[in-house]
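Trainee: I have the model open on my screen. Can you take me through some parts of it?

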Amino acid sequence: MSASRVSLSESTLALGSLDGRYRSAVAGLIDHLSEAALNRNRVHVEVEWFIYLCENSVLPGLNPLTDEQKTGLRAIVTEFNTDSVAELAEIEAVTVHDVKAVEYYIGRRLEALGLENLKALVHFACTSEDINNLSYALGIRDAIQDVWLPAAWDLVNQLSEMGEADRKTPMLSRTHGQPATPSTLGKEIAVFAYRLARQLRRIQNTEYLGKINGATGTYAAHLAAAPAVDWQSISRGFVESLGLSWNPLTTQIENHDWQAELYSDIARFNQILHNLCTDIWSYISIRFFQQIPVEGATGSSTMPHKINPIRFENAEANLEISNGMLNTLASTLVQSRWQRDLTDSSSQRNIGTAVGHSLLAISNVSKGLERLDTAVDVIAADLDENWEVLGEAVQTVMRAEAIAGVEGMDNPYERLKDLTRGHRVDGERMREFVKGLGLSADAEERLLNLTPQTYTGIADQLVDWVSQRS
C-alpha cells in the first residue's frame, strides 16, 4: 500500500509540457489558440455580426447604431479578461453549451448600452458552427501570421546567415554515409534555408475560409425571417469584413479543407526542419561543429567532458509530436458525417498544442545553432584524407578528352574504380595517376591543380539563391 501524499491535482501545476516546462517558448500562441482566446473570438464574431446586421438594416426596425453604441459593443471584446472567462464558465455550467454561453454573456451587457430591445439579434439566424468556424479561422490566422511565421522566418534568416558565413568553407560530402564529391558547408546549410523558405511562402499564402449560412448551409432561417434580403451578399460581406475568405458552399460546418492544407504545409516544414536537426546532430558527432559551452551548464550528469546536442534532440522530439497531431488533424478535419458531426469540435481544441510543439522546436533549433562554431581544421583534415573523391573529376575529364579525340581515354570509369575503390588515395598517388593518362596539356594541368579542397564546383555561388528567394 502506497504512502499517503499531498495531491497536486488542485494546484496550478500543468499537466502538459507546453503549459508547464516550456510555457515561455509558446506563450505567444496563448492569445490566439487557447480556450480563452477562442471564447474572446466568439464574442468578437457575435458582436460584429450584431453590428453588421444593424448597419445593413436587414430586418424591419433595425437601424445603424450610434458610434457610442458600436464602441460599447466592441469594448465587450477589448475588455475581455480572466473575469470574463470565469463568468462564461459559470454560464456554461448552466447551459452546457459553450456558444450559447457566449450569447447570454453578450446579452447581459446590452442594457447598459441601451440595446436591451435588440437582445434577440445576438446570434441571429446562426448555428453554433457559424460562430465557431469564424472564431477558429481568426485565431489560427493570427497565431500563424503573428507568432509562428515570424519565428520560422527568423530561423530561416539565421540559417541563411550561417550559409553566407561558411559559403567558402570546403567540406567533404557523404552520400550514403560514404565520402563523396566535396561541397561547402555554407551551401549545405543554404539548401535547408531554401527548402524551409519555400514552405513558408506556401504558408504565407494560406486562404483562411469562413462561412455564416445557418444550420445546414441553406440560409433557410434567414429567408424565413427576411425573404427579401440577399443573404448570400450579407454573408459574404460579413466574412470578408473579418479579413477572411468567404466559402459559399458548405454543410452545417465550414468543411475545414483549408485547415488540412495549412497543417500539411506546416508538417512538411517540420519534417524538413527535422532533417536539418539530424544532419546538424551528425555534423556535431563527427566534430565538423563544436558546441560552445554555456557557463555553468552541465552536459552530462556523469561525464563532464560532454556537451550533448540536446537542443536538436529536443527539437526532433517536438517536431515528431507536432507532426503526429498535425497529420491527424489534416486527415480528421476534412471528414464529417452527412451534414454535421462533432469530431471536429474535439479535434480543433488541439490545434494550439500541435502548433505549439512546432514553435518550441523552432526555438530550440535557433538556440542550438547559436552555440555552434565551425571546426574548420577538422573539416580540412577530413578532406585531406579522402583524395579518392577526385576520381569523379578525373574520369569525367577523361570522357571529355575521349569525345575530343584524345587517344588512350578508354574505360575511364573502370580505371578510376581500380585506383580508388577499397583504397585510400593520397595526393601524390592521384597526381601520378593523372600524369600517366596521356591527357592534353590543359586537361592535365587542371587536374594536377585540383584538390579535395578546391573540388567544390560553384557551391559558394549557389548560396546566393537563398537571399534571392527568401
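This is a predicted model: local features need pLDDT of at least 70, side-chain atom pairs count only at pLDDT 80 or more; totals for chains, interfaces and linings use all residues.

**Working chat**

Trainee: Where does Asn323 lie?

Mentor: Asn323 is part of helix α11, which covers residues 310–332. Helices (H or I, at least four residues) and strands (E, at least two) are DSSP runs, numbered from the N terminus.

Trainee: New topic, strands. How many bridges join β1 to β2?

Mentor: Five bridges join β1 (residues 170–175) to β2 (residues 178–184), and the two strands run antiparallel. Strands pair if DSSP finds at least two bridges between them.

Trainee: Which residue is the bridge partner of Pro170?

Mentor: Thr184 in β2 is the bridge partner of Pro170.

Trainee: What do β1 and β2 form?

Mentor: They form a hairpin with two residues between the strands. His176, in the turn, has a positive phi of about 60°.

Trainee: What about Val96, what is its phi near?

Mentor: Phi of Val96 is near 50°, again a positive value in a residue other than glycine. Val96 lies in the loop between α4 and α5, and its relative accessible area of 68% makes it exposed.

Trainee: On to the rings. How many aromatic pairs does the structure hold?

Mentor: There are seven aromatic pairs. Rings of Phe, Tyr and Trp (its six-membered ring) pair if their centres lie within 6.5 Å; planes under 30 degrees apart count as stacked, over 60 as edge-to-face and the rest as tilted. One of the pairs is Phe80 with Tyr105, which is edge-to-face, 6.1 Å centre to centre with 70° between the planes.

Trainee: Which parts does that pair tie together?

Mentor: Phe80 lies in the loop between α3 (67–78) and α4 (82–95) and Tyr105 in helix α5 (residues 98–107), so the pair ties together parts that are 25 residues apart in sequence. Phe80 counts as buried at 13% relative accessibility, and Tyr105 counts as buried at 2%.

Trainee: Give me another pair.

Mentor: Tyr283 and Phe289 are edge-to-face too, at 6.3 Å centre to centre and 75° between the planes. Tyr283 is buried at 16% relative accessibility, and Phe289 is buried at 3%.

Trainee: Last topic. How many salt bridges are in the count?

Mentor: The count comes to 27 salt bridges. A salt bridge is a side-chain nitrogen of Lys or Arg within 4 Å of a carboxyl oxygen of Asp or Glu.

Trainee: With which residue does Glu35 form a salt bridge?

Mentor: Glu35 forms one with Arg349, where the closest N and O atoms are 3.1 Å apart. This pair links distant parts of the chain, 314 residues apart: Glu35 is in helix α2, and Arg349 is in the loop between α12 (343–348) and α13 (351–370). Glu35 is partly exposed at 36% relative accessible area, and Arg349 is partly exposed at 35% relative accessibility.

Trainee: And the side chains of Lys211 and Asp130, where do those sit?

Mentor: Those side chains meet in a salt bridge at 2.7 Å, N to O. Lys211 is in the loop between β3 (209–210) and α8 (220–225), and Asp130 is in helix α6, 81 residues apart. Lys211 is buried with a relative accessible area of 0%, and Asp130 is buried with 0% as well.

Trainee: Which residues do salt bridges that share partners join into one network?

Mentor: Glu35, Arg42, Asp98 and Arg349 are joined that way.

Definitions and conventions
Residues are numbered from 1 along each chain as its sequence is written. Side-chain values use heavy atoms; hydrogens and water are left out. Buried means under 20% relative accessible area, exposed over 50%, partly exposed in between (1.4 Å probe, protein chains only).
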